[in-house]
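Please look over the sequence and the model before reading on.

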Amino acid sequence: MSQRPEILKTVTVGLLAGWLLSFVLAPTLLVVGLSLLSRSPAGFAGGPVTLDNYRRLADPIYLHVFAESFATAFIATLLCLLLGYPFAYGLARARPGLRPLLLTLVIVPFWTSSLVRIYAIRGLLAAKGALNNLLLAAGLIDQPVRLLYTQTAEIVGLVHVLLPFMILPLYASLEKLDPRLLEAARDLGAGPFRRFRHVVLPLTLPGVVAGCLLVFLPALGLFYVGDVLGGSRHLLVGNLLKDQFLEAQDWPFGAAASLVLIGLLLAFLALYAYAAKRIAPDDG
Amino acid sequence: MTRSTIASFRAVSKHYGSHCALRDFNLELREGELLTLLGPSGCGKTTVLRLLAGLEIPDSGEIFLDGRTLAGVPPEARNVNTVFQSYALFPHLSVAENVAFGLRMKKLGSAEIRARTAEALRMVRLDGLGGHRPLQLSGGQQQRVALARALVNRPRVLLLDECLSALDYQLRREMQLELKGLQRQTGITFVFVTHDREEALSMSDRIAVMRTGRIEQLGPPRDIYERPANLFVAQFAGESNVLEATVTAITAPDSLIVELAGTPLTVRTDRRFRVGARLVLVLRPEDLHVHDDAAAEGGLAGHVLERTYRGVTLDTVIALDAGPRIKTSEFFREDTPALDHPPGQRVRVSWTPGWEIVLPHEPET
């Protein structure tokens with residue numbers, strides 16, 4: 001009698017496992033294998049098996065790219081958080097009738113390719129771009145300011161592209177926040193700052209962490225933001241990876257670099273899981 | 001002993017949009033009493049608590065605590081704490097951290113916080129559960145945490161907003177006794193909101209029966225039940241048989257003869273009526289006795305429609321010859337010979353003279 005559900009279960013789980021094996025585990029293992037090979041003169045990869053690729057990553061040049069890229073992504077994430085939190089808070093407290101409209105406004109930018117929007121920002125920030133013209137016309141500056149090809153430009157681009165990814169998870173957790181808890185905190189003597197510090201922030205921490213991950217992780221890899229706004233002097237890890245595969249044709253080294261990146265990202269995810277578990281031990 | 005006033009509402013009004021929650025509301029709270037606001041949902045009783053807590057601002061009128069106006073005083077600065085209907089426990093904090101929240105906000109020393117938290121948890125019999133998360137506890141335990149979290153601050157007034165309504169019957173009974181005990185033990189003034197009349201009658205020093213933003217009657221439970229000010233209070237305070245009658249004669253300052261659909265009855269009342277005036281008699285089911293028609297005289301005649309055995313009482317629905325139906329609720333006692341009246345049997349219903357409640361007739365609203 002229970003035969004049929006058993007079969008169904010086996011098939012479902014089997015399909016899922018098969019999918020994960022062939023599209024996640026196998027490619028990852030290929031990358032792992034690749035990262036242990038050497039670059040072959042023929043252009044791809046060959047023997048001997050070596051850890052050289054990982055050793056090469058310890059080179060100050062690459063460490064510098066990683067460090068700078070992490071710094072850029074960190075600042076962009078922080079800015080997204082500082083801009084996104086008040087916005088999400090307002091969104092969650094807005095009249096229910098107004099919320100769909102505001103949410104749509106957050107999502108509208110997705111309708112245009114982010115690459116196109118990055119080029120638009122380039123137009124704004126260029127030496128003879130809109131922003132410089134405006135500042136010149138206002139008499140605030142005498143000659144165009146260098147805006148493009150700076151870390152600032154890169155950060156502006158990253159914040160612009162990634163802000164919705166911060167707002168949406170923050171909104172989700174702020175909207176779930178029971179306003180009665182805030183009343184209880186008031187009743188128990190907590191002023192506005194301490195209500196935020198002791199109730200709102202801890203309870204929306206999973207949203208904060210989720211938003212930061214959704215911004216920070218792509219911020220490391222959005223190579224076209226680096227290309228278009230950062231120029232050659234401000235590389236993101238994404239640029240490094242792309243260049244190894246497409247420009248330098250050094251696939252084993254690129255594979256090693258991506259694995260290190262994946263490792264770092266997994267560490268962040270573990271942090272998230274830990275934070276989420278601390279908030280709600282019951283829900284696992 | 002007259003107790004001094006601890007808090008008062010003077011001509012307070014509050015609207016939510018076009019809905020009037022309170023109108024020209026006056027109330028004096030006495031030091032150390034347990035006052036219950038009793039009324040149907042939407043009568044404004046929760047608004048009274050929220051105004052005193054500061055979670056709502058009155059449109060007009062003033063509220064005083066310990067003789068000082070609360071106008072402009074935010075909730076966090078009021079020495080008043082609330083046990084919320086939903087408990088509103090902080091899910092990210094342990095039970096002990098929840099209880100300690102108010103003390104931490106007051107920036108007390110950690111040793112004092114620990115001691116008072118432990119004491120409060122002991123008081124609600126939750127010692128040993130301080131390390132749990134609220135969501136790991138049962139409803140009754142969560143209720144106690146909410147109580148401890150409020151009481152630990154030693155507020156001047158403790159506000160309890162229908163906080164027992166989520167518990168099952170048995171647990172409610174226990175918590176009612178426990179609340180009453182805690183109130184005596186701490187001497188703190190409790191304002192308790194409920195729509196459950198039994199809860200109100202059994203726990204309160206005074207009850208304020210509310211309807212549509214006003215107090216209909218304020219007094220000790222016994223007054224509310226036995227001497228209701230009007231039909232609404234009579235019906236809200238207990239099971240009621242309401243019978244309309246007309247005054248036919250006045251035999252003494254406190255005694256009338258009324259006619260109830262052809263049957264003359266003598267009733268007692270302090271109220272003044274003119275001959276010919278319409279009035280209502282309210283009869284509590286448990287005050288009524290049912291007799292075999294053949295064996296008795298007087299009272300109201302009718303026949304039995306339904307009987308319900310309820311363990312403690314035997315409830316009977318009787319169709320009076322005069323028209324209306326009435327419900328009786330008789331206790332089993334050795335000296336009552338025949339409680340058992342099968343459906344269809346002719347009976348007479350009587351009561352101890354003077355136990356009827358006589359109220360002026362109110363036009364239907």
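## Basis of the report

The model is predicted.

## Annotated spans of chain A

An unreviewed UniProt entry carries the annotation "transmembrane region" for residues 12-37, 61-89, 101-121, 155-174, 203-225 and 251-275 of chain A. Two of these spans are described further here.

Residues 203-225 of chain A are 96% helix and 0% strand, and the C-alpha atoms at the ends of this span are 33 Å apart. Residues 251-275 of chain A are 100% helix and 0% strand, with end C-alpha atoms that lie 36 Å apart.

## A helix pair in chain A

Helix α5 (residues 114-125) and helix α10 (residues 223-230) of chain A have axes that come within 10 Å and cross at roughly 20°. Angles under 35 degrees count as roughly parallel, and α5(A) and α10(A) are therefore roughly parallel to each other. Their crossing is right-handed.

From α5(A), the residues A:L115, A:I118, A:Y119, A:I121 and A:R122 take part in the contact; they meet A:Y224, A:V225, A:V228 and A:L229 of α10(A). By class, this contact of α5(A) with α10(A) comprises 8 nonpolar residues, no polar residues and 1 charged residue.

## A helix pair in chain B

In chain B, the axes of α2(B) and helix α3 (residues 110-123) cross at roughly 130° and come within 9 Å of each other. The two helices α2(B) and α3(B) are therefore oblique to each other, and the crossing is right-handed.

On one side of the contact are B:A96, B:V99, B:A100, B:L103 and B:R104 of α2(B); on the other are B:I113, B:R116, B:T117, B:A120 and B:L121 of α3(B). These residues divide into 7 nonpolar, 1 polar and 2 charged.

## A hairpin in chain B

Strands β17 (residues 313-320) and β18 (residues 325-331) of chain B run antiparallel and are joined by 7 bridges. One bridge pairs B:T313 with B:F331 in β18(B). The two strands β17(B) and β18(B) form a hairpin with 4 residues between them, and B:G323 in the turn has a positive phi of about 130°.

## Where the chains meet

Contact between the chains involves 19 residues of chain B and 17 residues of chain A. On the side of chain B that touches chain A, β6 (80-83) and α2 (95-105) each supply at least two residues. The largest share, 3 residues, comes from α2(B). By class, this side of chain B has 9 nonpolar, 7 polar and 3 charged residues.

Terms used. Residues numbered from 1 in each chain as written. Chains lettered and ligands numbered in written order. Predicted model: local features only at pLDDT ≥ 70, side-chain atom pairs only at ≥ 80, totals over all residues. UniProt positions renumbered as here; feature names shortened; annotations may be inferred. Pairing = 2+ DSSP bridges. Contact = placed C-beta atoms within 7 Å. Nonpolar A, V, L, I, M, F, W, Y, C, P; charged D, E, K, R; others polar. Axes fitted to C-alpha atoms, helices over the stretch in contact; angles between N-to-C directions. Parallel < 35°, antiparallel > 145°, perpendicular 65-115°, else oblique. Left-handed = near helix turned anticlockwise from the far one by under 90°.
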